[in-house]
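I opened the model and kept notes as I went. Each entry says what I looked up.

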Amino acid sequence: MYYIGLVFEYLKNYMKTRLTYRADFWVEVISDLLMQASNLIFIFVVFGHTNSLGGWSEAEVVFVYGFFMVPFGLFSCFVNLWNFSDRYIVKGEMDRILTRPAYNLFQIFLENIDPPGLIGSLIGLVIMIISGGQLGLELLWWHIPVLLLFSISAMLIYSGIYITLTSLSFYSDSPTGIIPLLYNIQNYGRYPVTIYNRAIQFLLTWILPFAFVGVYPASLFLGREEMLHMAWLTPVMAAVFLTIGLVSWNVGVKRYRGAGS
Amino acid sequence: MNAIEVEHLSKVFKVQKNRGGLKGALQDLFSRQYNEVAAVNDISFSIPAGEICGYIGENGAGKSTTIKMLTGILVPTSGRLNVGGYVPHEEREKFVRNIGVVFGQRSQLWWDIGVIESFGLLRKVYGVPENDYKKRLDELVQRLDLGELLSRPVRKLSLGQRMRCELVAALLHNPSIVFLDEPTIGLDIIVKTEIREFLKDMNRQHGTTILLTTHDLQDIEALCSRVIMLDEGRVIYDGGLDTLKTRWGQGTRVTFQFGTACPLARLRALTEGVDISWTADNDLHAEALVPGGLNVSDVLARVVGQTDIPITDIKITETTTDEIVRQIYRTGSAAADPGTGTESGRNSHA
């Protein structure tokens with residue numbers, strides 16, 4: 001309850017700050033949307049040349065992309081660790097976080113909360129509805145709770161991976177190279193993993209399980225039998241990767257050295 | 001009851017050695033060499049509840065590192081810690097509800113929103129009940145005269161205004177132990193005095209334990225009954241400010257200006273039998289160093305009465321804490337008596 005209350009307080013403050021910088025807000029929303037649009041256009045261009053990609057039709061790939069946008073939107077709204085190393089380690093703002101009576105990682109999430117990210121989730125839902133319609137998918141009652149479960153699980157997988165890698169900042173002075181690399185790899189997860197070779201499939205499934213943020217859970221709604229068991233693994237993977245993330249974070253915080261005087 | 005207990009506390013940092021040149025940089029890439037630096041080296045002290053204690057030392061002496069361990073930010077390498085009944089780094093979230101922290105160099109407040117919004121957010125973070133919060137805020141706002149500042153965003157405040165707001169932010173949850181890391185840094189004399197007065201009042205009214213680090217010894221003189229001095233990670237003095245002064249003070253200096261020449265030998269003869277050392281730049285000027293135990297009047301009585309020595313001016317100065325501390329920093333130890341240069345053999349029970 002305490003933590004839910006805090007989310008609302010920080011959101012309120014976010015709105016107050018943003019109202020003073022309105023132009024900034026819209027620039028951010030629009031640039032976000034443009035990025036998503038360019039990814040979609042890429043899919044359309046590819047399917048301008050072929051009818052099927054590793055056995056997946058255009059509408060299916062677009063549906064997977066739409067699903068991906070939902071957890072990704074949640075992730076970019078609530079879990080923003082992009083500038084953690086610079087802001088909290090190098091500038092030493094972690095000091096302030098650690099002297100407050102709320103879980104430190106949670107405070108960092110709250111301080112960097114970014115509600116425009118949620119617009120992406122909404123657009124993702126719209127894309128799923130449109131492409132689902134094209135595929136003639138039927139909306140069943142259990143789709144809604146399962147969609148919710150999978151979206152949250154997928155978001156937690158993302159969070160787990162990023163928390164783990166960000167916690168390296170506590171050990172190394174500036175592991176700046178890793179996060180941009182990761183942003184590149186995560187893009188592969190939006191497309192059906194079966195189009196890649198085995199090594200990449202394995203990587204995206206078990207090591208950096210970005211496939212669980214797109215194609216696996218989405219395949220359940222598409223009725224793809226061959227991935228059904230993988231789809232139901234999504235919440236399990238979420239639990240595993242979130243645990244890894246939190247453990248390495250908590251160990252990392254103990255090694256925090258502070259900055260300056 | 002002790003608010004803060006520290007036993008054999010140490011913090012060792014591993015610092016990477018950088019070899020010079022491109023070749024060195026390449027070597028560093030594959031095999032790194034580390035130096036171990038003890039920022040805090042086996043220190044012990046305890047501070048009873050309700051005390052204001054000053055924590056001083058040169059830059060890099062380990063003050064901030066100690067404060068960061070006491071507030072749970074850093075995990076000690078070894079030693080035992082107890083602050084307000086908690087081991088800070090182990091039960092951090094519960095522990096910090098009882099403490100207030102102000103880092104003079106760093107802001108606790110949100111940059112873009114009004115001061116009052118920051119306070120409101122902190123109220124939620126600390127879970128302070130609405131009524132307590134209102135009462136406490138009113139009291140602090142009135143005491144620190146913040147009335148019209150509350151609606152302004154922090155970025156539009158002057159440093160003095162901001163620091164007063166920082167104090168309120170750190171005290172809203174009525175902590176029983178307060179850590180202040182250079183709270184008066186960069187402030188003008190009026191704000192400094194205001195803040196000192198405020199801290200003193202808070203200590204009197206609420207019995208708040210205060211540990212503060214500072215480079216401004218006037219803070220210490222105005223506030224602290226006790227001072228802990230640190231050098232290279234070790235405690236070199238722990239005790240009262242008065243003791244520090246009487247033990248290491250150089251006594252009182254009396255400077256004479258004479259109307260006509262007066263040789264040193266004459267002055268020495270006049271003060272025969274009294275433990276005074278005379279120095280002089282020229283015959284028209286002389287300086288007497290009167291040790292702590294003696295009365296200045298004894299010297300004056302012997303010199304001033306002489307009709308053949310016309311005196312144009314007398315100046316009496318006492319060694320300031322600044323001078324004493326500078327002396328101690330320079331020698332790196334409070335064990336020796338820097339005033340006379342003799343080994344006193346007294347140990348500062350570090």
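I started with a term: buried means under 20% relative accessible area, exposed means over 50%, and partly exposed lies in between (1.4 Å probe, protein chains only). This is a predicted model, in which local features need pLDDT of at least 70 and side-chain atom pairs count only at pLDDT 80 or more, while totals for chains, interfaces and linings use all residues. Residues are numbered from 1 along each chain as its sequence is written, chains are lettered from A and ligands numbered from 1 in the order in which they are written, and side-chain values use heavy atoms, without hydrogens and water.

**Entry: Val96(B)**

I found Val96(B) in the loop between α3 (92–95) and β5 (99–103) of chain B. Helices (H or I, at least four residues) and strands (E, at least two) are DSSP runs, numbered from the N terminus. Next I listed contacts, meaning heavy atoms within 4.5 Å. Leaving aside neighbours within four places in sequence, Val96(B) touches Leu98(A), Thr99(A), Arg100(A) and Pro101(A) in chain A, and Thr71(B), Tyr126(B) and His173(B) in chain B. I also checked Gly72(B): it is 24 residues from Val96(B) in sequence, and their C-alpha atoms are 8.0 Å apart.

**Entry: Glu166(B)**

Glu166(B) sits in helix α6 (residues 159–171) of chain B. Its relative accessibility is 1%, so it counts as buried. What does its side chain reach at 2.9 Å? I found the backbone nitrogen of Gln108(B) there. Not counting residues up to four places away in sequence, Glu166(B) touches Val102(B), Arg106(B), Ser107(B), Gln108(B) and Leu109(B).

**Entry: a sheet in chain B**

I traced an open sheet of three strands, in the order β2-β1-β4 (chain B), with antiparallel pairing. Strands pair if DSSP finds at least two bridges between them. β2 (33–48) and β4 (78–83) of chain B each have a single partner strand, so one side of each is left without a neighbour in the sheet. Five bridges join β1 (residues 2–17) of chain B to β4(B). One bridge partner I looked up was that of Glu7(B), which is Arg80(B) in β4(B). Helix α2 (residues 63–70) of chain B packs on the sheet and touches β1, β2 and β4 of chain B.

**Entry: nonpolar cores**

A nonpolar core is a set of buried Ala, Val, Leu, Ile, Met, Phe, Trp, Tyr and Cys residues joined through side-chain atoms within 4.5 Å. In soluble globular proteins, nonpolar side chains tend to be buried together. Which residues touch the most other members of the largest core here? Of its 100 residues, they are Met94(A) and Ile4(B). Helix α3 (residues 58–78) of chain A gives the most to this core, with 12 residues. A second, separate core has 66 residues, including Tyr10(A) and Leu109(B).

**Entry: the two chains**

I counted 12 helices and 13 strands in chain B. Its radius of gyration (over C-alpha atoms) is 26 Å, well over the 20 Å that the globule rule gives for 350 residues, so chain B is more spread out than a compact globule. That rule is 2.2 Å times the number of residues to the power 0.38. Chain A has 12 helices and two strands. For chain A the radius of gyration is 19 Å, close to the 18 Å from the rule for 261 residues, so it is as compact as a globular protein of that length. Buried residues make up 49% of chain B and 52% of chain A.

Note on methods. Axes fitted to C-alpha atoms, helices over the stretch in contact; angles between N-to-C directions. Polar contact = N/O pair within 3.5 Å; in protein donor to acceptor, adjacent residues only side chain to side chain.
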